[in-house]
Amino acid sequence: MTGVAMGDGGADEVLVVGAGPVGLTAACQLARLGVRPRVVETLAIPTTESRAVAVQARNMEMLAALGVLDRLEERGRRIPGLEISDGRTGRTHARMEFGEIPSRHPYMLDLPQPDTEAALAERAVELGVVVERGVTLTTLTQDDDGVDVTLRSASGAERTARFGWVVGADGGHSTVRAQVGTTLHGSFVGQHFAMADVDVETTLSLDTIRMFTHPDGPGMLFPMAGTRARVLFQVAEPGDGDPTLAQIQALAEARMGGAVNCSDPRWLTYFEIHHAQIPRYRFGRVLLGGDAAHVHSPAGAQGMNTGMQDAANLAWKLALVARGRADAALLDTYHDERHPVGADVVRQTTTLTNIGTATGAEAVVRNLAFFVVGHVRRIGEAAATKTAELTVAYPHSSLSVQHGRGVRAGDHAPDPAGTSVAVEQLLARPGFTLLVFGPADLDRLAATLGELGTVVPVVTEADRGVGVVDADGVLAHAYGLGSGGLALIRPDGYLGLVADSADDRLLHHYLQVNLHVGSRATA
């Protein structure tokens, strides 16, 4: 079995189990923060199944900072809106436009999951990460000092290794989840879907994701590059085998207003979805994310995106702990921040799926609600913003600290147009970004932050030195810190400390008390 040059594991090393979008995101983020993880993946070669196809705006911001977004843009299709229609008549209920959402990426990006994985894998190689394919984790035990695992190669040979930490990103049938003794809790009255990756011929515009309501179950259309598209339909419990193209076309005829013709299938399958979540995301030295932690309907295109944001939230915290820069208590905030997000996604996608199957009086109420969403701009923009995952915030986290006025700690860092450098460009530098507004002792702030990140003064004139030029005060206004203050942006793009005074003592206290920086990691 081949692996990165790290020996057989150790107290500070991280094993990532799973090389899908969640595991690769975790691995890339760990590597750029100074921890080169060992990654194992059961599949001997990457999947060719299209699987998750939509990348939301919040993830595009993260992927831009990671150096991956341009590669995805080359492979995908930008989608400016989502439309909900009656699957029998074709009549439009509502349309959500993404053009006004508060992001530099006001659209969805549709592309097959293998393309997303390929771009992340390319970045992983650049960061020195090697994915060991055809390697399966079979057992896992842990103590206060580390985790012992058994890894089995494709030939059946087994070896044991010891790691400081394990990240379980091994999907809905997670072995890591089973090994730590936890299970999914939720609804297990399975919902069945027929799904196809096909070419489509249609009179409908292919610049829109479409959901079709129908009493027998909703249908969805996700356009990808060219004429390629993902179509899926909720169905009664299927029999054995995969659906045929003829069956997919019959469903399209019945539930997409007769407007979609399917051909040239790349992938035809049935799958079953439950709506459930594990009770905790951290089990000592083992942490779970993505489908290993939460499963739900594909409605709303939230699953992969939520999992990748799990990874982005976890990676910077785990890097600090694994490198001995912070106490392991920091890892508890991963559960505290992300578990409520996963629970909300499970509720949201369950509701969307149930809405799609409503009949009678419930359908009348649903259609009225859709009308309001589609015709009241403020409500439509709010719905689009939530779909793009831009409403996710951590205001009640112990890592969100506010001193005085300014943008709310726990929110994602504002990144308005009109400044010389985008905030997502600043986040391309590993570690924290400390924006400093107005007069401040930059040397003291830099000494306090140390190797954890970069101090970036926000200046009004370019000749004042290195920093972000904010001549018109756009950034200062967005942060509410025009006359002075600081905003500490976490590596995942969220605001940790916000203060209307650029006092290095506030920063020092935050790093020690809230981030637990300064103590050797303990379980």
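**Notebook: a strand pair and a helix pair**

I started at T433, which stands opposite T454 in β23. This is a predicted model, where local features need pLDDT of at least 70, side-chain atom pairs count only at pLDDT 80 or more, and totals for chains, interfaces and linings use all residues. Residues are numbered from 1 along each chain as its sequence is written, and side-chain values use heavy atoms, with hydrogens and water left out.

Next I looked up the strands around that spot. β22 (residues 432–437) and β23 (residues 453–459) pair in the parallel sense over six bridges; pairing takes at least two DSSP bridges between two strands. Strands are DSSP runs of E, at least two residues, and helices are runs of H or I, at least four, numbered from the N terminus.

I then followed the open sheet: six strands, mixed pairing, in the order β21-β26-β25-β22-β23-β24. Its edge strands, β21 (401–403) and β24 (468–469), each pair on one side only.

Helix α12 (residues 442–449) lies across β22, β23 and β25 (485–489), and runs at about 155° to β23. Axes are lines fitted to C-alpha atoms, for helices over the stretch in contact, with angles from 0 to 180 degrees between N-to-C directions.

Last, I checked helices α1 (residues 21–32) and α2 (residues 57–66). Their axes come within 11 Å and cross at roughly 45°. What touches what between α1 and α2? T25, C28, Q29 and R32 in α1 meet M62, A65 and L66 in α2, contact being heavy atoms within 4.5 Å.
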